Amino acid sequence: MYRYSLLRLARHALSDRPWPRAWRQAKPRSHYDVVIIGGGGHGLATAYYLAANHGMDRVAVVERAYIGGGNVGRNTTLVRSNYMMKGNTEFFEFSLKLWEGLSHELNFNVMLSQRGQIVLAHSPAQMDALARRGNIMRLNGIDAELLERAELRRLLPYLDYSAAARFPILGGLLQGRAGTVRHDAVAWGYARAADSLGVDIVEGCEVTGFLRDRSGVHGVETTRGRILADRVAVAVAGHSSQVAGLAGLRLPIESHLLQAFVTEPVKPFVDHVISFGPELFYICQSDKGGLVFGGHIDGFNSYTQRGQFPKVRQVAECAVALIPGMSRLKLLRHWAGIQDMTPDGGPFICRTPIRHLYLNGGWCYQGFKATPAVGWCLAATIARDEEHPLVRCYALDRFARGGESLDEYGHGHRPYRH
Amino acid sequence: MLRVHCPLCGERPYTEFRYGGDASRARPALGTSSLEAWHDYLFLFDNPKGPHREFWQHEQGCRQWLLVVRDTATNVVREVIVARNAGPGGGQGPGSR
Ligand SMILES: Cc1cc2nc3c(=O)[nH]c(=O)nc-3n(C[C@H](O)[C@H](O)[C@H](O)COP(=O)(O)OP(=O)(O)OC[C@H]3O[C@@H](n4cnc5c(N)ncnc54)[C@H](O)[C@@H]3O)c2cc1C
Ligand SMILES: [Zn+2]
């Protein structure tokens with residue numbers, strides 16, 4: 001690998017020698033030990049850990065379009081581990097720990113910024129719920145701090161504390177180690193590191209079918225020909241149903257749109273990630289100065305990747321209710337990504353009823369922060385043909401077994417309600 | 001913006017409606033004891049990229065539940081009928097699986 005360092009940076013600054021490509025433009029070979037479908041953060045991280053942790057280098061990632069064009073490049077970049085349900089708590093904390101060492105691990109600056117996330121409470125009941133969440137986190141060794149209104153006024157002076165505020169702010173829960181990561185850098189960093197360990201990253205290659213016999217899956221049909229593989233993993237974000245459907249599987253997943261928004265850049269004033277209590281709404285400020293925010297899914301199944309305007313308005317209303325000063329900012333851009341929604345809001349990382357076919361999907365709103373842990377655990381699951389202990393809670397048959405739902409907010413079993 | 005043509009009220013923005021999800025699945029007969037049948041009914045979705053049979057309730061209009069066929073790849077609404085006219089079996093109307 002052409003390692004990045006201060007010395008290299010200085011040399012390149014002084015010469016006009018171009019930087020080498022970060023990863024090869026690989027052509028698909030005829031056979032691999034593992035083929036991973038989907039070159040998003042999850043697929044690339046899985047390939048990297050297959051090579052780095054399990055010594056497997058006959059691995060390919062096949063991506064329909066180009067690296068970074070899916071949700072890994074469309075999300076709002078928040079990372080945190082303030083989860084409450086058993087299984088989630090441990091998994092997301094493991095992921096946050098991996099984020100903390102990732103720039104060194106990959107020799108690529110993923111720009112982790114642990115600026116802290118504050119979830120706001122607007123009623124005594126929400127305050128109690130946050131205290132409970134914080135206690136569960138602390139019992140699991142995760143940092144959490146309950147903040148009173150006075151402390152919030154000092155930390156976040158720009159919120160609406162007036163008597164006229166639509167939703168009075170009572171307090172909040174701070175996770176100091178939470179924050180943001182540069183999403184593109186995650187895709188590029190994992191791609192480059194995986195490539196340097198021998199993984200083939202094949203762009204412009206759509207999987208259109210599976211090669212199967214009675215013993216299970218043994219390859220894929222693609223728009224660039226047939227590729228044999230001993231094991232195949234699906235990591236296609238909003239298209240899990242589509243790709244699993246090619247193998248005859250029906251999943252507990254619906255595809256929905258989630259939008260994200262960025263304002264024109266302004267001087268730094270939002271130093272944390274802030275989550276609103278009354279509605280799903282969260283906001284932070286990018287290094288370029290734009291306020292980055294998002295809310296709920298649009299609310300009905302869609303693969304259009306184009307958000308509906310009423311959602312823009314609703315999210316803007318949340319923004320102004322929370323930070324009145326935002327009312328005069330212009331919206332610079334907004335876009336949508338297709339995401340899997342599941343009956344309990346939790347994901348799947350598991351073997352499937354078809355031998356040698358592995359699934360990672362159903363990530364709802366939360367897959368970006370999970371990226372390193374998904375890669376780590378899915379790689380182990382593929383290499384050992386058995387679920388990694390941290391992902392046993394993410395089994396495909398948890399609804400059939402009952403009692404193992406991961407519904408953090410008690411929204412019920414309808415995917416579009418999460 | 002997505003607009004739905006309510007057979008009773010005419011074309012309205014989707015914000016007047018409440019989404020009711022996938023309408024293609026038939027509820028198992030009352031008394032069905034197979035857990036698998038209930039699991040599949042509640043939790044498995046075809047999730048098509050294309051025509052999708054779904055329920056919407058015209059909450060801020062006539063309050064009727066409607067059965068809508070909408071293409072999830074384009075958001076074009078192809079067909080709307082009042083859900084109770086869809087026949088027995090809930091969403092199991094013409095053209096369902
Ligand atoms: C607007 C928005 C905001 C979000 N914000 C956050 C956040 O703040 N924090 C957080 O934790 N999560 C967030 N998420 C969720 C997160 O982005 C996703 O869960 C995560 O990125 C999904 O994993 P991925 O990176 O591998 O997906 P992707 O990057 O989408 O990768 C999947 C890839 O599979 C490819 N593919 C699909 N079908 C095929 C096929 N047949 N053959 C080959 N390739 C195929 C696609 O082209 C795509 O590149 C957000 C999502 C959206 C849409
Ligand atoms: Zn009507």
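Predicted model: local features only at pLDDT ≥ 70, side-chain atom pairs only at ≥ 80, totals over all residues.
Close-up 1. Among the contacts in chain B with a separation of 6 or more, 47% join residues 24 or more positions apart. Of the 97 residues in this chain, 44% count as buried. The accessible surface of chain B amounts to about 5,000 Å², and carbon and sulfur atoms contribute 52% of that area.

**Close-up 2. Secondary structure of chain B.** One helix and six strands make up the secondary structure of chain B. Along the sequence their order is β-β-β-α-β-β-β.

**Close-up 3. The interface of chain B and chain A.** In this view, 27 residues of chain B are in contact with 28 residues of chain A. The area buried between the two chains is about 2,400 Å², with 53% given by carbon and sulfur atoms.

**Close-up 4. Polar and charged pairs across the interface.** One salt bridge is counted between chain B and chain A. Its partners are A:R250 and B:D46, whose closest N and O atoms lie 2.8 Å apart. Across the interface of chain B and chain A, twelve residue pairs are in polar contact, with both residues at pLDDT 80 or more.

**Close-up 5. The side of chain B that touches chain A.** Three elements of chain B, namely β3 (18-22), α1 (35-43) and β4 (51-57), each supply at least two residues of the side that touches chain A. The largest share of this side, five residues, is provided by β3(B). By residue class, the side of chain B that touches chain A comprises eleven nonpolar, nine polar and seven charged residues.

Methods: Residues numbered from 1 in each chain as written. Chains lettered and ligands numbered in written order. Heavy atoms only, no water. Helix = DSSP H or I, 4+ residues; strand = E, 2+ residues; numbered from the N terminus. Buried < 20%, exposed > 50% of the residue type's maximum accessible area, 1.4 Å probe, protein only. Contact = heavy atoms within 4.5 Å. Areas by Shrake-Rupley, 256 points an atom, 1.4 Å probe, with all protein chains shown as cover. Buried area = accessible area lost by both parts, 1.4 Å probe. Salt bridge = Lys/Arg side-chain N within 4 Å of Asp/Glu carboxyl O. Polar contact = N/O pair within 3.5 Å; in protein donor to acceptor, adjacent residues only side chain to side chain. Nonpolar A, V, L, I, M, F, W, Y, C, P; charged D, E, K, R; others polar.
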